[in-house]
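Here are my notes for your first look at this one. Have the model open beside you and take the points in order.

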Amino acid sequence: MANNNVPLKQMPEWKALEAHYNKISKTHLRELFTTDPKRAESMTVDELGIYFDYSKHRATQETIGLLVGLAEASDLREKIEGMFTGEKINVTEGRAVLHTALRAPKSATIVLDGENVVPHVHAVLEKMERFASRVRSGQWTGHTGKAIKNIVNIGIGGSDLGPVMAYEALKNYSQRGLTFRFVSNVDGTDFAEAVIDLEPEETLFIVASKTFTTQETMTNANTARDWALKALKDPAAIARHFVAVSTNAEAVSKFGIDTANMFGFWDWVGGRYSMCSAIGLSTMIAIGPENFRAMLGGFHQMDEHFRTAPFERNLPALMGLLGLWYNNFFGAQTIAVLPYEQYLKRFPAYLQQLTMESNGKRVTLDGTAVDYQTGAVYWGEPGTNGQHSFYQLIHQGTKLIPCDFIAFSKPAHKLGRHHNLLMANVFAQAEALAFGKTAEELKQEGVKDWLIPHKTFEGNRPSTTMLMDELTPAALGKLVALYEHSVFAQGAVWRVGPFDQWGVELGKVLAGRIAPELESKTDPELKHDVSTNALIRRYRKNK
């Protein structure tokens, strides 16, 4: 068992990693591959249809052993079991963390406060399936009797990023006769552009807010209500054109939504972990109940793998520990996520919330300030677009940026040479990052001396390549769960709480104070700092 009274950096396992870093940090990947011809085999895990190649990392088998030792000394296995069995590991909010129950099979038993939660999960899933099937078949009609053709999801954070990412990722599986839009930003442009070409008679809004009080979501929802009523006139129309994903039946009913069309979830589901819950209603309508169930199956397979696989063969644990290796020992501050699949264009944005809202913490679970780096910055774009944008900095810049390459052997669309060229690029980029090109090689190629420094590639830039068969609903589930659990593994070692997000609160509170000052008909007395006061006055003068 870990001794949490010992500061993390004083643990012998941490000190062993520091000593190991000092020994190998200058070793080039070229040397690592030369001295270990079987490296590509020994540093690859082939599980759940994911070929996870981490051989191009600045690490050895000894590194992995030491990282696993740190995870074990940090009680990662016990913490995983605590999450899966409903312990209230979200200590600042006194909540269990059971997003894994959202994708558990109907036969599973997960007890929380003396009650099996799995039947409740499946009751909501079945209600979602009935509703989704009615919308997809045209049986659900709007107030004037017309079938629904447009679905607009209104949410923010996890109530938006998961659904929009999943829709874009699985668009090839979607019912193309339906149009899907997603509104999240309180900036009115977001709503205006989302509905600009839609007919109110054929439009269904899904309002996703657990409390039905989220400022941005309810501002957009009220605007949507006004937009619909301007055309439909009758307030009774709201019940045919709005449904809610919420737990606040009173507020939902007051809005005009029939509570029979309210889809609930639970306080043990965090927003950024909620795409498998009723928050995924728009996803289910888009891809259909059968494909949604397949996605849940992919999630569950990765859940079980994380729970049971030994850490040295455990995909989320390896991913999380390698990220920690660069974050805490090499001083890398960011990780680039580079999907070579256009359908995953919103995946990096989804991961930004998942990773940075989870582990962007400066104190441990017991409130002690950390003296080490925690969450890294995640960012990225689909390949090959990024190659003509920011790859220059990754290859030849002064910052060390570990990369996650994600690719699929089978294309969604077989068009000429497209997929072979795409895959050639992903393999080439990982190779170039790892091995680079030396001045000697350039000289042998006849490059002029003055140009050699500009064309030299240092290499030794680490990356993981994840190669999957094809982007299916199940594959997406595995991929998302992989990152979810890697975040948890890192948080367990860093001793931070990945399941709260107090850092988003202060700005909300201050905005609540400032909004009335901006809208006041008289000159309000301003009590902010001089800069904020000046900005408020400038805005009031010019608006």
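**Notes on the fold**

1. Phe191 counts as buried because its relative accessibility is 5%; buried means under 20% relative accessible area, exposed over 50% and partly exposed in between, with a 1.4 Å probe and protein chains only. Before you go on, keep in mind that this is a predicted model, where local features need pLDDT of at least 70, side-chain atom pairs count only at pLDDT 80 or more, and totals for chains, interfaces and linings use all residues. Residues are numbered from 1 along each chain as its sequence is written, and side-chain values use heavy atoms, with hydrogens and water left out.

2. Now for the aromatic pairs: the structure holds 28 of them. Rings of Phe, Tyr and Trp (its six-membered ring) pair if their centres lie within 6.5 Å; planes under 30 degrees apart count as stacked, over 60 as edge-to-face and the rest as tilted. Phe191 and Trp227 have ring centres 6.4 Å apart and planes at 85 degrees, so this pair is edge-to-face. Phe191 sits in helix 8 (residues 188-195) and Trp227 in helix 9 (residues 215-232), so the pair ties together parts that are 36 residues apart in sequence. Helices (H or I, at least four residues) and strands (E, at least two) are DSSP runs, numbered from the N terminus.

3. Phe347 belongs to helix 15 (residues 347-359) and Tyr483 to helix 20 (residues 473-494), so parts 136 residues apart in sequence are tied together here. Both Phe347 and Tyr483 are buried. Elsewhere, one aromatic cluster is formed by Trp14, Tyr21, Trp325, Tyr326, Phe329, Phe330 and Tyr372.

4. An open sheet of 6 strands runs in the order 1-2-13-12-10-11, with mixed pairing; two strands pair if DSSP finds at least two bridges between them. Its edge strands are strand 1 and strand 11 (377-379), each pairing on one side only. On average, neighbouring strands of this sheet are turned by 15 degrees against each other, direction ignored. Axes are lines fitted to C-alpha atoms, for helices over the stretch in contact, and angles run from 0 to 180 degrees between N-to-C directions.

5. Walk along that sheet from strand 1. Strand 1 (residues 44-47) and strand 2 (residues 50-53) are antiparallel, over 4 bridges, and Val45 has Phe52 in strand 2 as its bridge partner. The two strands form a hairpin with 2 residues between them, and Leu48 in the turn has a positive phi of about 55 degrees. Strand 2 is then joined by 4 bridges to strand 13 (residues 463-468), again antiparallel, with Ile50 opposite Met468.

6. What covers strand 12, and how many of its residues are buried? The count is 6 of 6, with Cys403, Phe405 and Ala407 on one side and Asp404, Ile406 and Phe408 on the other. In a regular strand the side chains alternate between the two faces of the sheet. Strand 12 (residues 403-408) pairs in parallel with strand 13 over 6 bridges, and strand 10 pairs in parallel with strand 12 over 4 bridges.7. As for what lies over strand 12, helix 14 (residues 315-330) lies across strand 1, strand 2, strand 10 (334-339), strand 12 and strand 13, running at about 25 degrees to strand 2. Helix 17 (residues 418-435) packs on the sheet too, touching strand 12 and strand 13, and its direction makes about 155 degrees with that of strand 12. Contact means heavy atoms within 4.5 Å.

7. Helix 14 also meets helix 13 (residues 289-308): their axes come within 7 Å and cross at roughly 70 degrees. That makes helix 13 roughly perpendicular to helix 14 (under 35 degrees counts as roughly parallel, over 145 as roughly antiparallel, 65 to 115 as roughly perpendicular and the rest as oblique). Met302, His305 and Phe306 in helix 13 meet Leu315, Pro316 and Ala317 in helix 14.

8. Finally, there is an open sheet of 5 strands in the order 6-5-7-8-9, with parallel pairing. Strand 6 (179-183) and strand 9 (262-263) are at the edges with a single partner strand each, so one side of each is left without a neighbour in the sheet. Helix 9 lies across strand 5, strand 6, strand 7 and strand 8 (242-245), at about 160 degrees to strand 7.
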